Amino acid sequence: MVATFEPKTDYRVVGTRPIRHDGYDKVTGRAIYGGDMKLPGLIWGVMVRSPHAHANIKSIDTSAAEAMDGVFAVITGADMPKAPSKLVDLGEGNINFKWASNKLMAAEKVLYRGHPVAAVAAVDRYVAEEAARKVVVEYEVLPSVTNVVDALKPDAPILLDDLVGDDLGEDVTNTNMAAHVRHEFGDVEGAMSSAAHTIEREYNMQMVHQGYIEPHNATAHWDEEDRIKVWTSTQGAFPARTQIAGILQVDVSRVKVTPLEIGGGFGGKIPVYFEPIAALLSKKSQRPVKMVMERTAVFETTGPTPGARMIIKLGADANGKLTAATADIWFEAGANPGAFIGPAAMCVYAPYEIQNTRIDGWDVLVNKPKVAPYRAPGSPQVAFAMESAVDELCEQAGWDSMQFRIDNASKEGTRRGDGVLFSKIGMQEVLDAAKASDHWNSPLGDAPEGKVRGRGIANGYWFNIGLKSSANLAVNADGTVQLTEGSTDIGGSRTSMAMHVAEVLGLDAHDVRPVVGDTESVGFTDVTGGSRTTYATGYACWQAANNLVDVLKERVAILWDIKPEDVDFNDGLFSSKAESAKTIGFKELAGKLDDLGGPANSTGAVDLESAGDGFGMHIADVEIDLGTGKTDVIRYTAIQDVGTAIHPSYVEGQLQGGSVQGIGWALNEEYFMQDDGRMANSSFLDYRMPTSLDLPQIDTVLVEVPNPLHPYGVRGVGETPICPPIPAIANAIKDATGKRLYNTPMNPGSIVESLK
Amino acid sequence: MATVFLPYALRKYADGAERVEVPAKTLRELVDNLEAAHPGTREHLVEDDRLKPGLAAIVGHVATRRGLLQKLDSDTEVHFITAISGG
């Protein structure tokens, strides 16, 4: 059964804010990223990409490219190993190797613009690019579909001829619908028909990108022993290894992945894009091959989050109690199945207790890049729809929307929309904190002439995951501890891990030296994603530290000639149970280990069920120029149940980062698609993301309801904060202008249009 | 008795029931006994003697990491939900 822990607050290290261990390397530029990779004999790899969103490949002629001086290898889809159509667990989701392989290199058909059709390796990038231009591909261009409505029409062009869709358990062929799932509980029709107040609205959202600064990259060397060494920017070295081995059809032990520093991922660097291709180019050229993606390709071919169409219907009784809800959710999967409709169903009603609910979700193929996780994948979309509908229901019935959320808040024993029961959660505490916050109790202030102001609130939810993590500890003679852990450090997790160890051992955070290991230096660890890292890898570090205490008790027993069970350990000090005055500190003991058995090491390894449900509420104040439609966010507060904040600065950073990304999604970001399936804004010049100049300080309120599933009460925090911003902004715009927007982005053009 | 919340697609095997009671001490027993009582359910839940890829089993409040070996308390509720899947 699952272990549970009593909450405590008397920590030495947990809850403090030490300087991050990787800080100096990061700010001085010494940290090694994928773009910095250099190896003896290194050559460059470049992709040849489709200019069409949907086309049959009639022929590929690589002869001119292969004949160029400086070209070492050219590969096409024919060189890709035939991966089986089989789902394999990747941690935060499953992967079908056949689809994943075809995504990296098209076999017979291209399914999205930029879909690779060949790859070239040459002496340098310029020769490789010139050779790529000499690859001649003859296409038969096909009609394309770029939204769920068109993709489900009876005469829609079909992307995958061999797709067997799952329509509520029944097989469907000749379709772009990969899956249709339903969750239904209670008497939905009866409750809806007897509701005193109902509302039904449709919402549409455009596809958006994670927008990480560092582009995808990989360096691979397929050596003489048929071992494949990969250096890459990834959110998980082990899941990357699983994907590389599966796509290349080799044993995982033949692949070594070294994770380099990562310049943002947000879920988009869980899938691999270059690694198997660089490996195949290396095998053919017998040289290490490096590939770095250009920005246009990052947008056109990697990890967006689904565009969506959603219809929400809510019913409430005369007392303001939600009694019924239905949600119809269509998500764009991109060119392969997998559009996160499962998580959307888990999240859509989560902040509310509703007895009678139905959810229908459709996973729909379109001629766009295959979607990838992006911070709470599926949840921001349904939060926009649900939280907008809740506000509109309150407007219609004349109810206070904050009080309505409090009165209907989910709590321990509430069922999610997929039927699963909540255990101890902090939704109500979050709402209480929001209602008591300085922001909520401060006036909005007067807008300058020609502008209007409004305030909006919204809830958000992510379920957070646990999964596998590993950590190794070794005591140094100077009393410090070497920590090797398996989680890519995206947001300062290295230091949080060190703090877990330091808390147990009675050390300072900087007495623990953390490194992120490669796949041959630490045990299996799942992705940095799903808001699992501080929870699960921190748990493994806590376990390793406790195991190390046991090892050291044996050494103290040798020193004092007593039994290990007669040794106590508290706050960095070992003592004899029989003679309490007999003590030795951790650091002093470390210096004596050579005579007490030598190296003192330990490991921790966990496979955890859940990181504890995460709830948040955001408050947004906006000021809108009635002439231009430009929206300025003038004040913003994110309130969230974070369990226990190990390093509060990093937790605050997660809340601020998620808020900023959500605000960008709300106001500006979109894949602006042209009729031929081409993305018109595939650069950061045209794909407008918010910067520090666009936004005020994002205030945070950390509500700490300790998670009983973690020894320090940690709850996942990184994903929930991207869920409330979109509806909070939508509700603020409605408050300011009197006009409600049902589509994203809510950019100046759409606001001006709404005011006509 | 465990309470199994049937995925919507499996309710047709149980006369449309939203949930059914199944005697079981492990998840494997539960799947076997569910199949005995409601034939047709097993193939949707198990493949190669493991939980089907793309499926997560929620036992009580949390997704089990023990698969069919998961032990069940007598009053446990069990859900089978879609895991995140893709390519």
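Trainee: Which residues have the most contacts inside the largest nonpolar core?

Mentor: This is a predicted model. Its largest nonpolar core has 225 residues, and those with the most contacts inside it are V120(A), V364(A), V501(A) and I729(A).

Trainee: Which helix gives this core its largest share?

Mentor: Helix α15 of chain A, residues 533-560, contributes eleven residues, the largest share.

Trainee: And what is V364(A) in contact with?

Mentor: Beyond its neighbours within four places in sequence, V364(A) has contacts that include V148(A), L152(A), M177(A), W330(A) and F331(A).

Trainee: Let us turn to helix α3 of chain A. Is it largely enclosed or exposed?

Mentor: Seven of the eight residues of α3(A), which spans 97-104, are buried, so the rest of the structure largely encloses this helix. Among the buried residues are F97(A), W99(A) and K103(A).

Trainee: What covers them?

Mentor: The cover includes strands β4, β5 and β7 together with helices α7 and α8, which belong to chain A.

Trainee: Now chain B. What is the strand order in its open sheet?

Mentor: The five strands are ordered β2-β1-β7-β5-β6, with mixed pairing. In chain B, β2 and β6 each have a single partner strand, so one side of each lacks a neighbour in the sheet.

Trainee: How many bridges join β5 to β7 there?

Mentor: Five bridges join these antiparallel strands of chain B. Within this pairing, I58(B) is opposite H79(B).

Trainee: Which strands does helix α1 of chain B lie across?

Mentor: Helix α1(B) lies across β1, β2, β5 and β7 of chain B, at about 110° to β2(B).

How values were computed:
Residues are numbered from 1 along each chain as its sequence is written. Chains are lettered from A and ligands numbered from 1 in the order in which they are written. This is a predicted model: local features need pLDDT of at least 70, side-chain atom pairs count only at pLDDT 80 or more; totals for chains, interfaces and linings use all residues. A nonpolar core is a set of buried Ala, Val, Leu, Ile, Met, Phe, Trp, Tyr and Cys residues joined through C-beta atoms within 7 Å. A residue is buried if 20 or more other C-beta atoms lie within 10 Å of its own, exposed if 12 or fewer, and partly exposed in between; C-beta atoms are placed from the backbone. Helices (H or I, at least four residues) and strands (E, at least two) are DSSP runs, numbered from the N terminus. Two residues are in contact if their C-beta atoms, placed from the backbone, lie within 7 Å. Two strands pair if DSSP finds at least two bridges between them. Axes are lines fitted to C-alpha atoms, for helices over the stretch in contact, and angles run from 0 to 180 degrees between N-to-C directions.
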